[in-house]
Amino acid sequence: MLAQETPGTGRIEVLLADGGSTDGTRELLIDLAAQDPRVVLLENPGRGTASGLNVCLAAARGEHVARMDAHTTYPSAYLALGMRRLAAGGTTWVAGPQLPAGGGRVSRAVEAALGTWLGRGGSRKWVADGTESELDTGVFCGVWRREDVLRHGGWDEDWPRNQDSEMAARFLRAGERIVSVSAMAAHYQPRDSLAGLWRQYHDYGLYRARTALRHPTSLRRSALLPPALVLAAGSAFVAPRPLRRAGRVALAVYAAALARAAGQASAGAGDAALVPAVLATMHVAHGTGFVRGSARWGLPVMALARQVGLRRRADEAPFTGAVRAPALAHRPGGR
């Protein structure tokens, strides 16, 4: 972050919101802030990701703001490229591709899995082909004008996960574009255990269901595979006989798809052997989370109806509901 270049003579401020960490992080940040005046340490009493982002947004003084997640390496021109693309017009959200860069064995297998069609789904956020791509709610970080994020209400603090996709849906419903610039590609390190991967994708699925309930157009067709897989697995064992047979056929087709994806994965021999387990973990965890989210907040009927062709209208009215962002309530004057 501190190595970022900015156009002209612009300066950056690095806003870090600490949510009461007890692992030595706070002490490191205090030392860093003492050494570099650009670093500002803020308090995040809400302790969540969305509340931390809003704390930083409330304190920001610049024309532009950027979200830069951890476990990730960004090009030094990340901010500059995003600001220049915003200045060119035609978009209010500029992001870069999210490129996995594995470290340990499982992490490398995740990288290989995300290089396959079965791992990426329909999202363009994984693609860095030298061109500019238009994104849906599959986004990773980004650069904005601060006034645009404030205009849309900031990050909703009822979304501890998937809050970037939920906010992206609000931008899109207002008729705005989100673009991915290949040169802004950032390399992140995936989880290095199946248990950690399970928790990550379960939470993604949980809040993807809530996002689809609030924003029906945010659900893409490929996102239906994980919950369908979970339902097929359940019906293969506990449903009436005709449904059990159909469920087992679906599982056999999925197993064949896993084998094909593993054969296409670019990985070392040891890592490639883990690709099917990694893909299955991602899909089953995401699907389980989506089913649980639907049970908790309600089935996203409108989103599902759109995907099966029962509702053909392609547009959606701008979002007029409430965004819960208490961390934005007390913005410093003049900022």
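**Strands, helices and loops in a predicted model**

Beyond its neighbours within four places in sequence, Ser182 is in contact with Pro97, Val127, Ala128, Asp129, Gly130 and Thr131. The model examined here is a predicted one. Ser182 is found in the loop that runs between strands E9 and E10. Its relative accessible area is 14%, and because buried means under 20%, Ser182 counts as buried.

E9 pairs with strand E5 (residues 93–95), to which it runs parallel and is joined by three bridges. Within that pairing, Ala95 stands opposite Ser180 in E9. E9 also pairs with strand E7 (residues 132–134), here in the antiparallel sense, over three bridges. Ser180 in E9 is the bridge partner of Ser133.

Another pairing brings together strand E3 (residues 64–67) and strand E8 (residues 142–145), which are antiparallel and share four bridges. Ala66 is found opposite Val143 in E8. In E3, Val65 and Arg67 make up a covered face, whereas His64 and Ala66 make up an uncovered one.

After the helix comes Gly89, with a positive phi near 90°.

Strand E10 belongs to an open sheet of three strands, arranged in the order E4-E10-E6 with mixed pairing. Strand E4 (72–73) and strand E6 (98–100) stand at the edges and have a single partner strand each, so one side of each is left without a neighbour in the sheet. E4 and E10 run antiparallel and are joined by two bridges. Thr72 takes its place opposite Tyr188 in E10.

With 42% relative accessibility, Gln189 counts as partly exposed. Apart from neighbours within four places in sequence, the contacts of Gln189 are His71, Ala101, Gly103 and Ser107. Thr91, by comparison, is 98 residues from Gln189 in sequence and 28 Å from it in space, C-alpha to C-alpha.

Finally, helix H8 (residues 194–214) packs with helix H7 (residues 163–173) at an angle of about 20°, and the two axes are 10 Å apart. Angles under 35 degrees count as roughly parallel, and H7 and H8 are therefore roughly parallel to each other. Their crossing is right-handed. The contact is made by Ser165, Glu166 and Arg173 in H7, which meet Arg208, Thr211 and Arg214 in H8. By residue type, the contact of H7 with H8 comprises four charged residues, two polar and no nonpolar ones.

Technical notes:
Residues numbered from 1 in each chain as written. Predicted model: local features only at pLDDT ≥ 70, side-chain atom pairs only at ≥ 80, totals over all residues. Heavy atoms only, no water. Buried < 20%, exposed > 50% of the residue type's maximum accessible area, 1.4 Å probe, protein only. Pairing = 2+ DSSP bridges. Axes fitted to C-alpha atoms, helices over the stretch in contact; angles between N-to-C directions. Parallel < 35°, antiparallel > 145°, perpendicular 65-115°, else oblique. Left-handed = near helix turned anticlockwise from the far one by under 90°. Contact = heavy atoms within 4.5 Å. Nonpolar A, V, L, I, M, F, W, Y, C, P; charged D, E, K, R; others polar.
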